[in-house]
Amino acid sequence: MLVALDRPRWQQFVACCVSLWALAWIVGQFISPAHGPSALGVLGELAARVGMTGGGWAERVAETWQHSGGGLAIFGGLLWAATTERGQLPALLGWVAVMLGAERLGYRPAMLVAVASMVGFVVLLWITAQISRRFLDRTTLFPNDVMRAGVTAAALSAVVPLFAPTLFLARLGNPYLTKGPRPVPAQRLEESRVQDPERS
């Protein structure tokens with residue numbers, strides 16, 4: 001979870017926005033499974049609460065996405081699969097794509113399609129790695145590395161809705177944490193040992 005918090009400042013802001021949006025959408029589905037709010041409905045409700053009345057812009061955008069098909073859920077799953085520790089932005093974009101794709105497919109189908117596309121992509125790479133390892137002398141895909149990258153991508157994508165609460169708790173508890181002294185790197189320790197006899 002700490003790896004998910006290690007982002008640039010601007011990306012932390014974007015991650016908080018996407019996290020709160022996704023968390024409100026997911027909680028709404030569990031509170032009211034039959035009549036859960038859509039992702040754009042959540043944004044419309046939030047805009048209405050802060051006094052931004054745009055004349056039903058959320059409904060118009062929802063109608064546009066509903067005519068565009070459910071390919072956004074597949075695209076979102078592939079973006080989840082592209083997430084790494086150093087590149088966590090695809091996880092955020094993947095959630096946005098899945099939530100917009102759910103406007104046509106619904107919550108559960110969109111999530112299942114996204115997860116299936118991510119898992120299918122990782123499995124395809126794993127099979128390719130197995131085949132290339134048997135028939136080629138030099139391979140660029142290794143099965144263990146593919147599985148490790150897939151698990152990392154899935155974990156970092158799964159914690160996106162929890163990013164904002166976790167960041168809040170981390171900021172809240174940070175002043176109360178005691179950080180121990182950093183270990184001296186071996187090279188600096190060796191240099192200090194070499195310099196000490198010269199001074200004496």
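1. Start with Trp95. Setting aside residues up to four places away in sequence, Trp95 touches Val18, Ala22, Trp25, Ile26, Trp80, Met111, Ser157, Val160 and Pro161. Here a contact means heavy atoms within 4.5 Å.

2. A word on what you are looking at: this is a predicted model, in which local features need pLDDT of at least 70, side-chain atom pairs count only at pLDDT 80 or more, and totals for chains, interfaces and linings use all residues. Residues are numbered from 1 along each chain as its sequence is written, and side-chain values use heavy atoms, with hydrogens and water left out.

3. Now find Ala22, one of the residues that Trp95 touches. Ala22 lies in helix α2 and is buried, with 0% relative accessibility. (Buried means under 20% relative accessible area, exposed over 50%, and partly exposed in between, using a 1.4 Å probe and protein chains only.) Apart from neighbours within four places in sequence, Ala22 is in contact with Trp95, Met99 and Pro161. Ala22 and Pro161 are 139 residues apart in sequence, yet their C-alpha atoms are 5.5 Å apart in space.

4. Zooming out, the protein has ten helices and zero strands. Helices (H or I, at least four residues) and strands (E, at least two) are DSSP runs, numbered from the N terminus. Of the 200 residues, 33% are buried. Among contacts between residues at least 6 apart in sequence, 66% join residues at least 24 apart.

5. Finally, which residues make the nonpolar surface patch? Val115, Val119, Val123, Trp126, Ile127, Ile131 and Met147 form it, with an area of about 560 Å². Helix α7 gives the most, with six residues. One of the patch residues, Ile131, sits in α7 and is partly exposed at 47% relative accessible area. Patch residues have over 30% relative accessible area and no salt bridge; like charges are joined within 9 Å, and nonpolar side chains (Val, Leu, Ile, Met, Phe, Trp, Tyr) within 5 Å. A salt bridge is a side-chain nitrogen of Lys or Arg within 4 Å of a carboxyl oxygen of Asp or Glu. Accessible areas come from the Shrake-Rupley method with a 1.4 Å probe; for residues, only the protein chains shown count as cover.
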